[in-house]
Amino acid sequence: MDPDSVSEKARGKVTPTVLVAEVEPRLCEAFRQALGPDHRVVEFGSSGALEAWVSRAAAGAADAVILGDQLRDPGILEVVASLRESEAAGDAALIVSHQAAASPQLDALAAQGVVFYFLRQPFRHSVLRQVVSRGVQATMLRRENARLREQLDRIHGRLARENRFLRTRAAWTGELKGLLGQSPALKQVLSELERVRVTDATVHLHGETGTGKELMARALHQSGPRAGGPFLAVNCAGMPESLLQSTLFGHRRGSFTGADRDHSGLFTEADGGTLFLDEVAELPPSLQAALLRAVQEREVTPVGATRPVKVDVRLISATHADLRAEVAAGRFREDLYFRLMVVAVRLPPLRERLSDVPLLANHFVTLHRQRLGRRGGDLTEAALRVLTTYPWPGNVRELEHEMERLVVLSDEETPLGPELLSPQVSRPAGGPAREEGVFIPEGLSYDHAVELLMRRLIDDALAATGGGIASAAARLGMERSRLGKLRRRLQPGAPE
């Protein structure tokens with residue numbers, strides 16, 4: 001049989017491939033007749049032809065190799081050493097066919113312990129078939145064991161990450177890394193996330209633009225058992241469908257114009273870690289179906305591929321839209337909605353946690369001063385009063401940009417006062433700047449302004465009493481039950 005006419009062995013094929021390197025044609029014919037149609041026999045008249053074929057073949061292409069002891073240039077010892085190092089036949093069962101009862105070469109091979117069976121000539125066909133059958137079975141068992149070891153190594157890696165996390169859990173401070181604030185609204189969110197951070201549960205974060213959804217997702221990843229793995233994020237809005245599909249699930253070379261190489265995709269690159277999908281409501285219907293399969297089956301199919309790829313990824317999604325309304329309107333799959341909503345957490349807007357503004361503002365001032373290499377005074381009480389009464393429609397992101405602007409415009413000698421703030425913050429809706437008393441932004445309705453004041457009073461009382469509802473109620477001069485009902489009305493989901 002012409003070696004060049006034989007294609008490389010596909011993994012998992014039924015017919016075993018047996019390589020026969022023998023210089024005597026009569027023995028090659030005997031091997032071919034003995035093994036029959038149940039085996040794919042590839043014959044080589046020289047060791048050089050065998051090595052050339054092995055160098056081109058894919059991993060695991062040969063299940064058994066029969067070598068004659070008359071091989072020359074190189075000899076049988078060199079051929080065996082080359083085979084053991086190759087991917088195509090390194091784990092194949094090695095059978096040596098020999099004529100002499102003993103020889104230095106046979107003794108050397110026996111001492112190495114690499115030969116599965118020494119077949120003495122002449123041989124019976126039944127003996128050869130039995131030996132090859134046992135050799136192929138041994139090869140398959142070795143490959144299955146290697147596959148299982150690889151799986152166990154992956155499981156061991158995951159368990160090792162969890163073990164490292166659990167060993168350090170006793171020293172954990174109780175705060176998700178990178179999140180600042182002591183307001184009751186934020187504490188409620190952290191309490192919810194604390195219960196899921198050590199699990200692999202799928203989490204959905206819902207909140208207005210600028211509330212820190214990606215920051216919250218990153219903190220959840222870094223404080224959990226997957227902290228040693230990658231954290232990757234993608235915004236599903238504003239990206240063409242074809243590009244987003246390739247970005248998420250990968251593609252194979254040649255699958256579309258410009259695909260000049262394989263691309264793994266974020267699901268595969270995030271294996272062992274966390275993938276954050278922001279603005280998931282913007283996913284087109286076709287990608288919603290692919291995402292559902294990825295979540296359910298933990299596998300993805302790259303563009304142009306015929307077989308799926310297994311992935312081990314924790315998924316965190318986020319959106320500012322109302323996903324339930326998107327489902328009702330037929331724009332979002334209901335089955336995917338329930339898969340994403342295993343744990344749903346609402347991130348409060350900054351206007352619901354105004355008591356956190358001073359801490360956040362000072363943090364951003366320090367951050368941007370370090371970045372710009374500047375020094376300067378602190379935020380004045382008058383500036384903080386303005387900052388803590390502005391409704392912040394752009395949320396934390398708007399506050400950070402405002403503090404960056406403040407640092408850029410300030411000098412190193414003057415404290416940061418309200419005169420440095422932008423007009424929309426210091427004079428919202430064109431109203432006058434006020435530094436004393438309680439500041440209510442103009443343009444708000446009476447009911448909205450009253451709610452703003454009540455939230456501010458409650459947050460201040462809880463902050464002053466360390467979060468104790470009974471103490472805060474006494475400070476405000478009201479019954480505990482009344483304060484609890486008021487909190488639930490102003491801040492849905494807050495404990496009573």
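A walk through the predicted chain

The secondary structure of the protein chain amounts to 19 helices and 12 strands. The model is a predicted one. Of the 496 residues in the protein chain, 44% count as buried. Contacts in the protein chain can also be sorted by how far they reach along the sequence: among those between residues at least 6 apart, 68% join residues at least 24 apart.

Rolling a probe the size of a water molecule over the atoms shows where empty space is left. The second largest pocket holds about 530 Å³ of space. Its lining is made up of 23 residues, and those closest to the centre of the pocket are Thr211, Gly212, Lys213, Leu215 and Val396. Three helices, α7 (213-222), α13 (357-372) and α15 (395-409), each supply at least two residues of this lining. The helix that gives the most to the lining is α7, with 5 residues. By residue class, the lining of the second largest pocket divides into 9 nonpolar, 6 polar and 8 charged residues.

Pro122 sits in the loop that runs between strand β5 (117-120) and helix α5 (125-169). Is Pro122 buried or exposed? Its relative accessible area is 80%, and because exposed means over 50%, Pro122 is exposed. Along the chain, Pro122 and Gln99 are 23 residues apart, while their C-alpha atoms are separated by 7.6 Å.

Cys28 has a relative accessible area of 8%, and because buried means under 20%, Cys28 is buried. Cys236 is buried as well, with a relative accessible area of 3%. A disulfide is a covalent bond between the sulfur atoms of two cysteines. How many disulfides does the model contain? The count comes to 0, where a disulfide requires a pair of cysteine sulfur atoms within 2.5 Å.

Terms used. Residues numbered from 1 in each chain as written. Predicted model: local features only at pLDDT ≥ 70, side-chain atom pairs only at ≥ 80, totals over all residues. Heavy atoms only, no water. 1 Å grid on protein atoms, 1.4 Å probe; cavity = no way out; pocket = protein on both sides within 12 Å on 5 of 7 lines; lining within 4 Å. Points joined across faces, edges and corners; volume = space filled by probe spheres on them. Helix = DSSP H or I, 4+ residues; strand = E, 2+ residues; numbered from the N terminus. Nonpolar A, V, L, I, M, F, W, Y, C, P; charged D, E, K, R; others polar. Buried < 20%, exposed > 50% of the residue type's maximum accessible area, 1.4 Å probe, protein only. Contact = heavy atoms within 4.5 Å.
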